[in-house]
Amino acid sequence: MNKPIYLDNQSTTPLDPKVLEAMLPYLKNKFGNASSIHHSYGRESKRAVEDARAMVAQSICSDTRDIIFTSGATESINLALKGLCQSYKGVGHIITQNTEHRAVLDTCQALEREGWDISYLPVDKNGFIKPRSILNAIRKETALVAIMHANNEIGTIQSIEEIGDICKRKGITFFVDASQSFGRLDIDVQKMKIDLLAATAHKIYGPKGVGFLYVRQKSPKVTLKMQIDGGGHERGLRSGTLAVHQIIGLAKAVEVFIECKEKENEQLRSLRDKMFFSIKTAYPQLILNGSSLAERLPNNLNICFPGIEAESLIMKMKGIACSTGSACSGNDLEPSHVIRALGRDTESAHSAIRFSLGRFNTEAEIDGAIEEIINTLPLFIKD
Ligand code: PLP
């Protein structure tokens, strides 16, 4: 049986064969521990890790030593938020938005239990946070602003540079979850005045289980409390033997993306737009969730099928692998907090599906997906 067409690339991407090829030697004969610098095996690994660090740093215009390798964005987010707050004397205030990923929201909730005060600012109906609302929410005890670059469900891209300016002027640490934008969009931590940035390899055709945290060390220096006790790796911020093959995979994924970013984004944008307009023509009630197609990630399409339960539609479309933003809590399906934050009611939120395209989707696949969606919809439309 043919595998379904994979349209869930914002959840994770397949490994690019070039990335796998770069990783393989480090799973075979280049197995040294990057901390064992007394022999050539270790030094070989150490050199490879430092080259990878330089590649990642260069891609976001940071200093090489500001990159801390981690197991992925969730760990980076925990280290950034908890690490910053725990290095403070006493407790303070954090500003974030209600459409962040659970990795940020749940970490904020954990900090709330430690006595921190959190402002979860609302977004507008298109998913944008107004920089002015951040300015207005700042208090004298505000220690951190945490705003994601691009949303994982609706692809909305926030005004990071404007928010960075505000934080810089007010002397507040600015954290950005760039899990969905890293590699795909331009990021310059100097220009955008970002102090902490989290990203992950498995959204850019790299391996799962590796990511990094950018931690600014100058103008200003950001101080974090480490979260894992151990050998003091990664400038004491993240103990544990480095997963060299994973780090090489991350750096190779970045290198490949730098070469093909423009072309890939253009191609995905055109396939994504074709998909939206074809479905909309067949089913005019369709609602686009989030910002306009031009103001979101080029690979994201999130749409409500009014009157249709997304879960049931997805189950019927056996030839397509896509997702809803719903999460299972106990026996109930909770509608996506992101779609709800746009002002949609529960029923409407339950009709939302995210299709996210990727490097390996062909035009024939997108045509096949469009056909299947259009052919399945009549099963759900009541006269
Ligand atoms: N933040 C965002 C916006 C994401 O999309 C994801 C992945 O789903 C994460 C954080 C968590 O990343 P990781 O799977 O590397 O822990």
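Helices here are DSSP runs of H or I with at least four residues, numbered from the N terminus. With that in hand, look at helix α3, residues 73-86: it gives the most to the shell around the ligand, with three residues. Keep in mind that this is a predicted model, where local features need pLDDT of at least 70, side-chain atom pairs count only at pLDDT 80 or more, and totals for chains, interfaces and linings use all residues. Residues are numbered from 1 along each chain as its sequence is written, and side-chain values use heavy atoms, with hydrogens and water left out.

Now for the ligand itself. The shell has 13 residues, and T74, D177, Q180, T200 and K203 come nearest (a residue is near if one of its heavy atoms lies within 4 Å). Sorted by class, that shell holds eight polar, three nonpolar and two charged residues; Gly counts as polar, and Asp, Glu, Lys and Arg as charged.

Zoom in on the polar contacts, meaning pairs of N or O atoms within 3.5 Å. Q180 puts a polar side-chain atom 2.8 Å from a ligand oxygen, while A73 has a polar backbone atom 2.9 Å from a ligand oxygen. On its own the ligand has 400 Å² of accessible area, and the protein covers 84% of it (Shrake-Rupley method, 1.4 Å probe).

What about the cysteines? There are zero disulfides in the structure, a disulfide being a pair of cysteine sulfur atoms within 2.5 Å. For C108, the nearest cysteine sulfur is that of C85, 7.9 Å away. The sulfur of C260 is 18 Å from the closest one, in C61, so that pair is too far apart for a bond.

Technical notes: A polar contact is a pair of N or O atoms within 3.5 Å; within protein, one must be able to donate a hydrogen and the other to accept it, and residues adjacent in sequence count only if both atoms are side-chain atoms. Helices (H or I, at least four residues) and strands (E, at least two) are DSSP runs, numbered from the N terminus.
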